[in-house]
Amino acid sequence: AVNKLTTRGVTEIEAVPLFVSSHSSVLDSIAYLLGARTNAPEDLRIFAAMDHSNHSAHHAMDPSAVAENSKPVVSSAPIHMTEALNHHRTVTSILLDRAKSISLDPAREEILLVAHGPVDDEANRQWLADMKIIATAMAESSVYAGIEYLTVRDDAEEPVRNAATRELRARVQRLNAEGKTVLITPLLLSYGGIERGIRKRLEGLQYKMPSQALLPDARIAAWVLAMARAEKAD
């Protein structure tokens with residue numbers, strides 16, 4: 001992709017990560033490969049060894065290919081990298097609209113923001129800190145009974161995943177017992193599997209969930225352009 005841009009005469013590249021959170025080991029690897037950080041993250045070789053082709057069969061990658069995939073790109077154009085979505089106001093705006101799409105009586109409804117979350121405990125605390133900011137901003141612009149948040153941490157070890165499942169179910173059960181309608185509002189870029197996992201975790205419980213995540217939405221495209229312009233201005 002970098003080569004295609006420079007071939008077209010591009011002299012400066014603004015990389016905008018379309019990720020929910022900057023606190024991601026995948027994003028750390030991307031930042032290193034783009035020259036936005038100098039030290040290689042521990043998980044880089046794991047990601048470099050993954051088969052990202054569209055073929056259904058996945059084969060072990062040759063060690064030389066892994067080594068090549070672990071090298072930062074070489075570009076004649078300087079590459080700058082912005083933050084991910086994190087707690088940007090665009091996220092707040094879209095999530096409020098997703099909740100509104102399934103809302104009937106906000107004063108008796110509780111929004112529960114559910115994100116995928118990372119494996120690392122410290123990174124998870126950083127995800128939750130951003131989610132707290134989002135929840136607070138949403139509360140200031142709405143009249144829902146409350147807004148809570150958590151991560152399900154699908155990629156973590158089984159004990160961590162199970163604990164996240166218990167917490168998710170316990171929150172929904174508590175809110176149901178309080179007579180509130182639970183609006184599960186996923187903090188996901190798009191639907192494609194994770195939302196099905198959330199539904200499986202919530203089997204037998206009462207809740208409502210919108211028909212889409214953050215995407216598709218023109219506000220995300222506007223955010224990408226705004227982030228690139230802001231990075232260039234700096």
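Thr-92 touches Ile-134, Ala-137 and Met-138, leaving out residues up to four places away in sequence. Thr-92 lies in helix H5. In this predicted model, Thr-92 has a relative accessible area of 9% and is therefore buried, the limit being under 20%. Beyond its sequence neighbours up to four places away, Met-138 touches Thr-92, Leu-95, Leu-96, Ile-111, Leu-113 and Ile-147. The C-alpha atom of Met-138 is separated by 21 Å from that of Ala-221, which is 83 residues apart from it along the chain.

Met-138 also belongs to the largest nonpolar core, which has 25 residues. Within this core, Leu-95, Ile-111, Leu-113, Met-138, Leu-187 and Leu-214 touch the most other members. Two or more residues each come from helix H5 (89-100), strand E3 (109-115), helix H6 (121-140), strand E5 (181-187) and helix H9 (218-233). There is a second, separate core of 13 residues, and its members include Leu-168, Ile-198, Leu-202 and Leu-205. In soluble globular proteins, nonpolar side chains tend to be buried together.

Leu-214 gives a view of the largest core from another member. With neighbours within four places in sequence set aside, the contacts of Leu-214 are Leu-85, Val-91, Ile-94, Leu-95, Arg-98, Leu-187, Leu-188, Leu-189 and Ile-220. A cis peptide bond, with omega of about 0 degrees, joins Leu-215 and Pro-216. Pro-216 is placed in the loop between helix H8 (194-201) and H9.

Asn-86 is not a glycine, yet has a positive phi of about 50 degrees. Asn-86 is found in the loop between strand E2 (79-81) and H5. Its relative accessible area is 9%, so Asn-86 is buried. Arg-153, likewise a residue other than glycine, has a positive phi near 50 degrees. The loop between strand E4 (146-151) and helix H7 (158-177) holds Arg-153. Arg-153 is buried because its relative accessible area is 9%.

His-23 occupies the loop between strand E1 (13-15) and helix H2 (25-33). Its relative accessibility is 24%, so His-23 counts as partly exposed. Residues up to four places away aside, His-23 touches Pro-118, Ala-123, Gln-126, Trp-127 and Asp-130. The side chains of His-23 and Gln-126 are joined by a polar contact of 3.3 Å. These two residues are 103 residues apart along the chain, and their C-alpha atoms are separated by 6.8 Å.

The overall fold is as follows. The protein chain contains nine helices and five strands. Their order along the sequence is α-β-α-α-α-β-α-β-α-β-α-β-α-α. The C-alpha atoms fill a box of roughly 60 × 40 × 30 Å along the principal axes. Of the 234 residues, 39% are buried. Among contacts with a separation of 6 or more, 72% involve residues 24 or more positions apart. The accessible surface comes to about 13100 Å², and carbon and sulfur atoms account for 53% of this area. The chain carries 26 positive and 30 negative charges, whose mean positions are 5 Å apart.

Conventions:
Residues numbered from 1 in each chain as written. Predicted model: local features only at pLDDT ≥ 70, side-chain atom pairs only at ≥ 80, totals over all residues. Heavy atoms only, no water. Helix = DSSP H or I, 4+ residues; strand = E, 2+ residues; numbered from the N terminus. Buried < 20%, exposed > 50% of the residue type's maximum accessible area, 1.4 Å probe, protein only. Contact = heavy atoms within 4.5 Å. Areas by Shrake-Rupley, 256 points an atom, 1.4 Å probe, with all protein chains shown as cover. Lys, Arg positive; Asp, Glu negative; His and termini not counted. Charge placed at Lys NZ, Arg CZ, Asp CG, Glu CD. Polar contact = N/O pair within 3.5 Å; in protein donor to acceptor, adjacent residues only side chain to side chain. Core = buried A, V, L, I, M, F, W, Y, C linked by side-chain atoms within 4.5 Å.
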